[in-house]
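Reader: I have a few questions about how the terms are used here. Could we go through them together?

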There are 2 protein chains.
Amino acid sequence: MIWCRFRADDETGFGIVEGDRVIAVDGTPFGDYRQTARTFRLEDVKLLVPVIPGTFYCVGVNYADHITKMAALRGTKPVFPARPDIGYRANNALIAHDEAIVKPKDAGDELQYEGELVAVFGKRAHNVTREAALDYVLGWTIGNDVSERNWQAGDRTLWRAKNADTFKPMGPWIVTGLDPRRMQTTIRLNGKETDRFATGNMIFDTAAYISEVSKYCTIEPGDVMWMGTDGLPQNIQPGDVVEIEISGIGVLRNRVVAEV
Amino acid sequence: MIWCRFRADDETGFGIVEGDRVIAVDGTPFGDYRQTARTFRLEDVKLLVPVIPGTFYCVGVNYADHITKMAALRGTKPVFPARPDIGYRANNALIAHDEAIVKPKDAGDELQYEGELVAVFGKRAHNVTREAALDYVLGWTIGNDVSERNWQAGDRTLWRAKNADTFKPMGPWIVTGLDPRRMQTTIRLNGKETDRFATGNMIFDTAAYISEVSKYCTIEPGDVMWMGTDGLPQNIQPGDVVEIEISGIGVLRNRVVAEV
């Protein structure tokens with residue numbers, strides 16, 4: 001089942017994607033809903049960020065190859081996380097599929113994509129076991145954790161580096177019933193493949209993160225958890241188009257423009 | 001003017017506090033609203049967290065005396081921020097005035113309060129000058145940035161240390177028309193004053209933070225910015241009552257209980 005949030009004609013809300021149609025629903029996937037008789041052609045709707053989370057969780061480092069390669073670039077020793085320490089991102093930075101990543105005027109050359117699997121929660125999770133953790137996930141979407149590396153090295157909190165406006169593309173929609181251990185992430189820059197990795201190859205998997213976070217922090221329906229990236233992200237600049245594809249979900253595509 | 005969010009009888013929403021009465025409004029202070037004929041006695045309503053922010057900004061370190069004293073405790077040299085690097089907190093941790101701070105079972109003795117001035121935004125702010133910055137603030141409330149110091153030393157992202165459930169009391173309400181440079185914060189633990197400082201004695205003031213953040217991150221109505229604490233916070237334990245008073249706003253009071 002594919003959930004989207006969309007705008008069409010005068011309507012904004014959640015919908016179910018079936019083939020090339022979007023069926024509008026009353027309500028939300030996080031509570032009661034019912035399908036309506038209103039349908040739209042998928043190509044006629046504007047896809048929105050599939051959910052605006054109450055809490056926007058994000059795993060900073062979760063793939064060994066990424067940690068090793070980034071450390072080599074910096075000339076430092078790789079440091080692997082000893083436990084699932086969750087981090088955060090900010091809602092101001094969210095944009096939808098097909099919207100533009102705006103490179104700030106004073107950003108440097110090392111503005112980079114990071115393709116990530118995103119868990120979208122459907123039920124309140126408090127102190128859940130690792131075995132039960134995935135039952136709280138409604139479905140899966142794709143995130144691009146756009147990062148400005150020079151700011152990342154200097155900002156004490158990564159605020160600009162990771163959370164400048166438009167730095168968090170998320171979409172195109174939420175797909176239910178997938179197994180996060182069996183997906184593949186493929187990243188293309190201007191149509192050319194630049195990264196490909198097994199999405200499930202995490203140091204701590206999604207279930208481990210959910211279980212650990214839920215011991216201290218109650219996860220609410222609509223919250224999201226971005227699961228980190230692998231590989232060696234490349235620079236992006238105005239004019240570029242980044243596509244993050246995750247098997248079973250689809251493609252999150254965003255172009256880069258310069259701030260005017 | 002005093003804005004609250006409250007629950008009374010079957011009603012949940014925003015209200016205006018006048019003396020010992022709450023006047024229910026239709027709408028929100030962040031958009032259109034109108035006063036209704038429904039009023040309640042203040043003592044009969046349950047005050048809620050005055051706003052659930054879209055983005056929850058928080059300044060980590062912003063008072064010289066606090067930085068100096070905390071560094072001395074750790075046996076390190078004080079490090080003062082070179083620029084206004086904003087941080088974040090998480091909505092799961094929010095509780096209202098008079099709700100209980102729950103000390104997790106595995107938290108250590110150094111669970112501490114931090115009394116903070118909070119700016120609540122009423123208008124969208126993008127690239128605003130320092131001179132105009134306070135025009136975007138609807139009003140002011142009080143935050144208690146409860147922190148577990150052992151976790152703070154070890155959590156890479158401060159997630160449990162600062163964002164465990166109930167660690168972010170905010171309230172009791174939002175007061176408009178105040179000058180953030182002329183307030184005094186007084187902290188009482190079980191009725192005994194433990195800290196008192198000039199709220200305006202910040203390294204970078206609220207206007208400076210708003211202006212800097214808004215260069216990169218669009219601040220939305222309903223977002224909040226916690227402005228940091230001064231002094232040397234004390235340990236709190238189950239049975240304690242913490243009161244943060246800021247002149248012109250009121251008192252945020254929360255008791256501490258043990259996780260069961």
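Predicted model: local features only at pLDDT ≥ 70, side-chain atom pairs only at ≥ 80, totals over all residues.

Reader: What makes β18(A) and β19(A) a pair?

Author: Two strands pair if there are at least two bridges between them. β18 (residues 241-246) of chain A and β19(A) share six bridges, in the antiparallel sense, so by that cut-off they count as paired. Three residues lie between the strands of this hairpin, and A:Gly248 there has a positive phi near 95°.

Reader: How do you know that β9 and β19 of chain A pair?

Author: The same cut-off of at least two bridges applies. Three bridges join β9 (residues 101-103) to β19 (residues 250-258) in chain A, and these strands run parallel. One position to look at is A:Ile101, opposite A:Val256 in β19(A).

Reader: Turning to chain B, why do β9 and β16 stand at the edges of the sheet?

Author: The open sheet has five strands in the order β9-β19-β18-β15-β16, with mixed pairing. β9 (101-103) and β16 (192-198) of chain B each have a single partner strand, so one side of each has no neighbour in the sheet. Neighbouring strands are turned by 20° against each other on average, direction ignored.

Reader: What makes β15 and β18 of chain B partners?

Author: Five bridges join β15 (residues 184-189) to β18 (residues 241-246) in chain B, and the strands run antiparallel. With at least two bridges required, they therefore pair. B:Ile187, for instance, has B:Ile244 as its bridge partner in β18(B).

Terms used
Residues numbered from 1 in each chain as written. Chains lettered and ligands numbered in written order. Helix = DSSP H or I, 4+ residues; strand = E, 2+ residues; numbered from the N terminus. Axes fitted to C-alpha atoms, helices over the stretch in contact; angles between N-to-C directions.
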